[in-house]
Amino acid sequence: MGKRGMMGGPCVWLTAGAVGALYWLGARERPAVRQPSAVPAIDRPEIIETWQRMSAQPHIRCFQHKLVRRAVTGLVGARVLDVGSGLGQLTIALARQPEVSEAVGIDLSADLVEAARHQAETVGANARFLEMDAADLSPLADASFDVVVSTLSLHHWTEPQRALAEIRRVLTPGGRAYLLDLRRDIAVPFYGVAALVSRYLLPEPIRRAGEPLASFKAAYTPAEAAVLAMKAGWENPTVTTGPVWLLLEMG
Ligand SMILES: C[S@@+](CC[C@H](N)C(=O)[O-])C[C@H]1O[C@@H](n2cnc3c(N)ncnc32)[C@H](O)[C@@H]1O
């Protein structure tokens with residue numbers, strides 16, 4: 001065997017170096033405990049615009065579509081609530097499903113509610129948007145929704161237990177909630193990737209907000225999410241996971 005064969009080619013060394021660097025960076029970033037997000041909303045105009053462009057990408061749309069189908073397949077005339085609806089894409093997608101009779105999005109940020117209303121009007125979608133805190137859904141009646149969904153919002157909520165109890169209150173008996181979010185316990189090298197992406201790769205307004213690294217640090221682990229749900233009164237919540245995300249299902 002030649003010297004090159006024994007030592008491995010430059011590609012092997014480069015790959016090993018890159019993986020080592022991701023581990024090193026990831027180990028520095030991965031928090032031992034949850035670090036709550038200092039930024040409750042993505043409502044600065046430049047971030048709204050960038051987020052709008054990013055979330056129009058096909059892989060995000062595809063992920064969203066899968067959640068929508070999972071939430072409404074088999075239902076008839078479903079009333080659906082999207083908690084932390086942001087720019088309203090998910091609520092609008094829900095409003096367009098034949099199984100859905102009513103789609104409402106609520107968000108803490110008045111600017112995002114306004115942007116979502118504008119978007120619904122522009123595309124002619126029958127979705128309503130209201131300014132509300134997830135922890136206080138009192139304008140919504142008990143048992144008024146068949147499905148509750150939420151994406152990338154749970155880790156922002158300052159009173160998550162109250163919010164999960166409110167979601168329980170507004171769901172009909174037999175209704176179901178689907179909360180999709182990032183998870184904090186991602187593998188160490190993923191933290192390395194998130195740090196690089198947050199610092200160098202994403203559009204400037206998102207980078208300046210320290211995202212997505214800050215959101216990973218503020219996110220829950222699957223076990224923490226399940227405990228939160230049980231403390232809020234849910235029996236047998238389930239949490240399914242992917243490499244960087246978790247889906248908390250209740251009901
Ligand atoms: C990262 S964005 C996600 C938006 C949207 N769900 C999506 O997937 O594109 C998080 C959203 O949660 C909202 N939010 C944060 N805290 C909230 C709270 N306590 N109640 C309702 N919405 C909240 C923010 O205003 C923001 O729109």
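A: A term to start with: a residue is buried if 20 or more other C-beta atoms, placed from the backbone, lie within 10 Å of its own, exposed if 12 or fewer, and partly exposed in between. A nonpolar core is a set of buried Ala, Val, Leu, Ile, Met, Phe, Trp, Tyr and Cys residues joined through C-beta atoms within 7 Å. The model is predicted, so local features need pLDDT of at least 70 and side-chain atom pairs count only at pLDDT 80 or more, while totals for chains, interfaces and linings use all residues. Numbering runs from 1 along each chain as its sequence is written.

Q: Which residues touch the most other members of the largest nonpolar core?
A: Val 72, Val 80, Leu 81, Leu 94, Val 147, Val 148 and Ile 167, out of 58 residues.

Q: And what does Leu 94 touch?
A: Val 68, Val 72, Val 80, Asp 82, Val 100 and Ala 103, leaving out residues up to four places away in sequence. Contact means C-beta atoms, placed from the backbone, within 7 Å.

Q: Switching to helix 6, which residues are buried?
A: Leu 112, Val 113, Ala 115, Ala 116 and Ala 120. Helices (H or I, at least four residues) and strands (E, at least two) are DSSP runs, numbered from the N terminus.

Q: What comes after helix 6?
A: Gly 124, with a positive phi near 70 degrees.

Key
Contact = placed C-beta atoms within 7 Å.
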